[in-house]
Amino acid sequence: MNRNSKLQNSLDKLNKSLEALNMAIDRQHLTQKADNIDQSVKEFFKVKTFLAMQKMKQEGRKKKFKG
């Protein structure tokens, strides 16, 4: 095997390793994004529930004053 083919083989292996690393980083990034989205959705529904409860309490108070 001459020097050029050895270098080419090394470069090919390095490229494969870099591709695998890039795919792993992409998966990690997507997982973090999905986790952030899940957290945002949970927070949204907590706030929505809280506001609905506040509205029900306020409507209950209005009925007491009218009755």
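In the predicted model, L14 is partly exposed, its relative accessible area being 47%. L14 is located in helix α1, which covers residues 3-66. Together with L11, L18, L21 and I25, L14 forms a nonpolar patch on the surface. The accessible area of these residues together is about 450 Å².

L21, another member of this patch, is likewise placed in helix α1. The relative accessible area of L21 is 47%, so L21 is classed as partly exposed. Along the chain, L21 and L7 are 14 residues apart, and a distance of 21 Å separates their C-alpha atoms.

Helix α1 also holds E43, S40 and D38. For E43, the relative accessibility is 42%, and the residue counts as partly exposed. S40 has a relative accessibility of 45% and is also counted as partly exposed. D38, with a relative accessibility of 45%, is placed in the partly exposed class as well.

Distances between C-alpha atoms were computed for pairs that include these residues. E43 and K33 are separated by 10 residues in sequence and by 15 Å in space. For D38 and K13, the separation along the chain is 25 residues, and their C-alpha atoms lie 38 Å apart. Between S40 and N4 there are 36 residues of separation in sequence, with a C-alpha to C-alpha distance of 53 Å.

At the level of the whole protein, the secondary structure consists of 1 helix and 0 strands. The radius of gyration is 29 Å, whereas the globule rule gives 11 Å for 67 residues; the computed value is well over that figure, so the protein is more spread out than a compact globule. Taken along the principal axes, the box filled by the C-alpha atoms has dimensions of roughly 100 × 10 × 5 Å.

Buried residues account for 0% of the 67 residues. A residue is given this label when its relative accessible area is under 20%. The partly exposed classes of L14, L21, E43, S40 and D38 were given above. The accessible surface of the protein amounts to about 6,800 Å². Carbon and sulfur atoms contribute 59% of this surface.

The protein carries 16 positive and 7 negative charges. The mean position of the positive charges and that of the negative charges are 11 Å apart.

Methods
Residues numbered from 1 in each chain as written. Predicted model: local features only at pLDDT ≥ 70, side-chain atom pairs only at ≥ 80, totals over all residues. Heavy atoms only, no water. Patch = residues over 30% accessible without salt bridge, like charges linked within 9 Å, V, L, I, M, F, W, Y side chains within 5 Å. Areas by Shrake-Rupley, 256 points an atom, 1.4 Å probe, with all protein chains shown as cover. Salt bridge = Lys/Arg side-chain N within 4 Å of Asp/Glu carboxyl O. Helix = DSSP H or I, 4+ residues; strand = E, 2+ residues; numbered from the N terminus. Buried < 20%, exposed > 50% of the residue type's maximum accessible area, 1.4 Å probe, protein only. Rg over C-alpha atoms; globule rule 2.2 N^0.38 Å. Lys, Arg positive; Asp, Glu negative; His and termini not counted. Charge placed at Lys NZ, Arg CZ, Asp CG, Glu CD.
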